Amino acid sequence: MVEMFIKRKVLSLVISIVFVLVGIMALTKMPITQFPDIVPPSVTVTAKYTGANAEVSADAVALPLERAINGVPGMTYMSTVTSNDGLTLIQVFFEVGTDPDLAAVNVQNRVTTILDELPEEVIRAGVTTEKEVNSMLMYLNITSTDPSQDEQFIYNFTALQKQNISAAPGKVGESSGKKAGQLQYVVKYKGKFSEPKQYEEIPIRADEEGTILKLKDIAKVEFGAMTYGMVSKTDGRPSASIMMKQRPGSNASEVIQNVKDKMAELKVNSFPPGMDYNMAYDVSRFLDASISAVLHTLIEAFILVAIVVFLFLQDWRSTLIPVLAVPVALVGTFAFMDMLDFSVNLLTLFALVLAIGIVVDNAIVVVEAVHVKMEEGYAPYEATVIATKEIAGAVVAITLVMSAVFLPVAFLDGPVGVFYRQFSLTLAISIVISGINALTLTPALCALILKPHNHDKKKGIIDKFFNRFNIFLEKVTNGYVKVLSKFATRTIVTFGLLTVFIVLTWGTTKFLASGFIPMEDQGMAYVSVTTPQGATVERTEKVLDEITAIAKKIDGVENVTTLAGYSVVTEIAGSSYGMAMINLKDWSERDKSIEDFIKELTEKTKGIADAEIEAFAPPTVPGFGNTSGFELRLLDRTGGSIENMDKVTKDFVKKLNETPELKNSFTSFDATFPQYMINIDYDMASKKGISVDNAMSTLQTMLGSYYATNFIRFRQMYKVMVQASPEYRETPESILNLYLKNDKGEMVPFSTFITIERVYGPEVLTRYNMYMSAMINGEPSEGYSSGDAIAVVEKIAEESLPKGFEIEWSGMTREEILSGNQTVYIFIVCLVFVYLLLAAQYESFLLPMPVLLSLPTGIFGSYIALLVCGLDNNIYAQVALVMLIGLLAKNAILIVEFAVASHKEGNDIIPAAIEGAKQRLRPILMTSFAFIAGLTPLCIASGAGAIGNRSIGTAAAGGMFIGTVFGLIIIPGLYIFFATLENRKKNEKK
């Protein structure tokens, strides 16, 4: 079979060309994303109860909806926020892999069952159920340099409203079947008023004398904004902001590009003079920079691997053969990635970068074997046939073992499972393709382009360098054989060294910080502002203006966008909340990292005394919360008062901030906002002919507003809201001066039957899985990992929380905790797979042990490299460790395979082991150092995505270096021990 591919060179070439062609076709249509699709699908239910406060919204709206939604198929958890503007927002999260359309339908069906239990005002406004990706995709600002175009003008220019219903009177003269007619006419109606003057002329009533009371006589009609509760600015100038979220299943890069194209078109065709736009947040900015950095790394790795291969093979023809295998394997992989619905993301690109150093291995093994035969005097064609037949078994074994290492992860679920799956299967596919190449294209090229060695040719500078290198390598080989001859037979030395590495690995884990997905420099920072309870939006705006002025003076800042009246943490409106998004310049144009910038901004904003200010980076994985660091919910399972919840929460956050392992711990829960309670004298109200229902609905209209109708203008839909003029609702006491009509048509002041009392309550209420909760965010201090932070928080919670209170992790932190056991499971299953494959290959349960027991050297190498470089044992490092199992197993297989074959030919175990190690030393060093060279760009990466690059590169390079150096010493000794044991058992059976 192998000889057929050597003879039929065109067939071998066509196979490789087909791989490349289908790979290119797949690549052109694959989506490009930052990460695999690991964010759990979510469905958002939104309801509006105009005039209601957070507590009323929770009781009247959230509770019935939660009760109905709870237990919907595939649901993992549910988070609810209610605010004092009557908004209720319920986010239902589902297991990864759940069909978002089906999830939305299931939630909608549950919501429909209890609609009649909701207040009439909520039903009128509508309860919406939408599927969405729980992360911001873009944040657009529409600005203007024209002073006459204020925020309201810009907002109305960009406003988008919802559905409208127009009148449809019908037709006259239409056939009825009773009387014949000659003509029929369509009856039209002008439709709803769209100008303020038209509303002003609406008659309210007329007396007997014909005097008409019109709306303009008792009300002021104006075309304004729906709400004045938010103020948006860009670099201190008024702007209208548009926040966009991604729909599930859409291509983020494609959506962003379409929006950019549309905005460019609108600017040319529709924007008035002076109006412009900018991107305050664009998820593709970091994505593009990260992908670009990895692509550069890919090219650098390819060049470095080629140099190392050339150094060992010392012939450009021989180097060309394994180098050509790289693009075939990498590009061909895209075809299978597309079949598996993978995207081009950081994980799959990392896999391809690492694959460069791996896919050359099989080709190098073949080329090395052909060289050996050519040194023995065979012509290139005969040498290729003989060598390929000899080495084919080893190539198949290496390919099977290395790809088998990654197969178990294909069965994992959850976000972590998706991470491992896309990385591992991408790597496995490229290895399988390289294995096919090694038995088809590589032998064909060897027979075609290799030339017999000419030892008499004139030596050049490069030849002299190679000669010295070979002399050095020969000395290393001789020294290596001497060490093996002295120590390989001493079992105590082999197992003593193995024990030392196991102990060192265990010891290193005690000092190595654990993590999940590291925080990257995404080129932007969030700022969350909370002004004193009861502060107006103007007061919050003033604080944000100060932050803008400070931020603009810091080097590296590109632009600052602020939004007063909105919380970036809870995604809810409130006058005392504010947010800022600060974009930094491109990574190449600044020296400051995002951490340095946040530290400097935090220090410089300490002087702003009128607010609590928290600066933090966006979440590493969009969709898992809105902040970096950890996220948890403090739950009150006792059903106690809001005041008690407030006290417990603040005490808990205080304790978190006192511990050195944590920093910037904060919560948005606060029950001390000044409010007023209305006390009704029911007897007096009855005497005055007032119904409480009518009194409250009148008050709701005057203070909270009432949605009366809607109209169309500028081809957009707008609502008509009825509300008391601002001067009649300036202070709490203004309520007492308002009037309403009793059952006799008389106007009665509210002061006759109500009193007001100053109380305190929350601006926003949060609930988690149907319990009242407080969301708490924070970060690990410098020198501590997310794993350390989780352990400390859990310890404090266990020691300090009262009975009935407990914490539940949410967002990315929840996934990190769930992934803890999965990682251990992954390693065990991968090791079992390797063991079983090798047992089947060697027809022995003992001979695979040298391969498995050589692995602790590599694991120690990874851990110590991460520790020295100050990196966490995060998911990137753990993925690298899974890969190392295959790579280090390959080195061991090369030695054991040769030793087993030599022993079967009649040689003793010890000479067979030493000879196997000697013969395989050069290819092992070549493939290992080629792999390490390919990792060098990752290890020294900077800019976008640098932490992930360095984590995966350092773990893999450190593990490969230590594992190779010490594995070469341990493996022959282990083989001698277990082969002797195997022989002894066979002899006992005989």
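Two residues are in contact when heavy atoms of each lie within 4.5 Å. The model shown is predicted, so local features need pLDDT of at least 70 and side-chain atom pairs count only at pLDDT 80 or more, while totals for chains, interfaces and linings use all residues. Residues are numbered from 1 along each chain as its sequence is written, and side-chain values use heavy atoms, with hydrogens and water left out.

**View 1. A724 in a loop between two strands.** The loop that holds A724 runs between β21 (716-722) and β22 (739-741). Helices (H or I, at least four residues) and strands (E, at least two) are DSSP runs, numbered from the N terminus. Leaving aside neighbours within four places in sequence, A724 is in contact with T701, M702 and R729. A724 has a relative accessible area of 15% and is therefore buried. Buried means under 20% relative accessible area, exposed over 50%, and partly exposed in between (1.4 Å probe, protein chains only). A724 and F961 are 237 residues apart in sequence, and their C-alpha atoms are 76 Å apart in space.

**View 2. R590 and its contacts with backbone oxygens.** R590 lies in the loop between β15 (572-584) and α19 (594-604). Its relative accessibility is 10%, so R590 counts as buried. Not counting residues up to four places away in sequence, R590 touches D521, G523, G556, L584 and K585. A polar atom of the R590 side chain lies 2.7 Å from the backbone oxygen of K585. The R590 side chain also reaches the backbone oxygen of K592, at 2.7 Å. A polar contact is a pair of N or O atoms within 3.5 Å; within protein, one must be able to donate a hydrogen and the other to accept it, and residues adjacent in sequence count only if both atoms are side-chain atoms.

**View 3. S951 in helix α29.** Helix α29 covers residues 946-989 and includes S951. With a relative accessible area of 0%, S951 is buried. The side chain of S951 makes a polar contact with the side chain of N874, at 3.1 Å. Apart from residues up to four places away in sequence, S951 touches L866, L871, N874, Y876 and A877.

**View 4. I517 in the largest nonpolar core.** A nonpolar core is a set of buried Ala, Val, Leu, Ile, Met, Phe, Trp, Tyr and Cys residues joined through side-chain atoms within 4.5 Å. The largest one has 145 residues, of which L427 and I517 touch the most other members. Neighbours within four places in sequence aside, I517 is in contact with F35, I38, F419, T620, V621, M812, I875 and Y876. Apart from this core lies another, of 29 residues, among them L140, A280, Y526 and L563.

**View 5. A nonpolar patch on the surface.** The patch is formed by V10, L13, V14, I17, V18, L21, V22 and M25, which together have about 700 Å² of accessible area. Patches are made of residues with over 30% relative accessible area and no salt bridge; like charges are joined within 9 Å, and nonpolar side chains (Val, Leu, Ile, Met, Phe, Trp, Tyr) within 5 Å. Accessible areas come from the Shrake-Rupley method with a 1.4 Å probe, and for residues only the protein chains shown count as cover. V18 is found in helix α2 (residues 9-29). The relative accessible area of V18 is 43%, so V18 is partly exposed.

**View 6. Salt bridges K262 to E265 and K604 to E600.** A salt bridge is a side-chain nitrogen of Lys or Arg within 4 Å of a carboxyl oxygen of Asp or Glu. A search of the whole structure finds 21 of them. The side chains of K262 and E265 meet at 3.5 Å, N to O. These two residues are separated by about one helical turn, because they are 3 residues apart in helix α9 (residues 252-269). In the other pair, the closest N and O atoms of K604 and E600 are 3.0 Å apart. K604 and E600 are 4 residues apart in helix α19, which means a separation of about one helical turn. K604 is partly exposed, with a relative accessible area of 41%, and E600 is partly exposed at 21%.
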